Amino acid sequence: MGRFILRLGFVALVLEILVPVLSVLLAGAAGLVAGRESWASFYLTRLLVAYLVPAVIATPVILGFQNNPELSVFYGVIGGLVVYAQVASMFYSTRKRFAAARDREGLARTRYDSLFVIGAIALYCVMLWVHPLAVNPATWSVMCLVLWLSQVPVLGVLISIFGLFLIASLLFKGALFVVALSGACSNKGSPEKGK
């Protein structure tokens, strides 16, 4: 069980590095419109995160199911929390960046973030029963990288411990995302919205 949680921390750390790199590549491939990210590349990045994070997190969870079937529910719930925390914290960071820059157009783009988070969690649940959605060559290559890096004696332990702290941080950011969403929902009907 402890090995599973360390592996999830390791996976979360790899995703924290991999997803922004892929997002930049995707934005570059989709093209920038007048020096800004286009709506299409913005939502394609959201879709990438909403698929890649649950798929990569589901892979060690599925492996955990096979190794310890009696802990399946525990593994599934912990994996679901990590999926939520990872996706919500990435989206919260984007929302916070747009708010700090007072970018109304950017903030308008984030209005569907809660749907992407719910979709990512629903997709994760489906992946636990339909394994080919999660275990495919793309996600398996990321998992092989994680397994290989975790075998490096000192580096594997250090990265796993750092990954645990990252998961705690992600859970905190996920809670902030819920607070930000509830604040955005409560301000919709307020007369001071336009001011």
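The structure is a predicted model, in which local features need pLDDT of at least 70 and side-chain atom pairs count only at pLDDT 80 or more, while totals for chains, interfaces and linings use all residues. Residues are numbered from 1 along each chain as its sequence is written, and side-chain values use heavy atoms, leaving out hydrogens and water.

The chain holds eight helices and two strands (DSSP runs, H or I of at least four residues for helices and E of at least two for strands, numbered from the N terminus). Starting at the N terminus, the order of elements is α-β-β-α-α-α-α-α-α-α. Of the 195 residues, 41% are buried (under 20% relative accessible area, with a 1.4 Å probe and protein chains only).

Helix α2 (residues 39–67) meets helix α5 (residues 113–129), their axes coming within 9 Å and crossing at roughly 30 degrees; axes are lines fitted to C-alpha atoms over the stretch in contact, and angles run from 0 to 180 degrees between N-to-C directions. The two helices are therefore roughly parallel (angles under 35 degrees). Contact (heavy atoms within 4.5 Å) involves residues including Y43, L47 and F65 of α2 and F116, L123 and M127 of α5.

Helix α2 also carries T59, which counts as buried because its relative accessibility is 1%. A polar atom of the T59 side chain lies 2.9 Å from the backbone oxygen of A55. Leaving aside residues up to four places away in sequence, T59 touches A134, V135, T139, W140 and M143.

Methods:
Parallel < 35°, antiparallel > 145°, perpendicular 65-115°, else oblique. Buried < 20%, exposed > 50% of the residue type's maximum accessible area, 1.4 Å probe, protein only. Polar contact = N/O pair within 3.5 Å; in protein donor to acceptor, adjacent residues only side chain to side chain.
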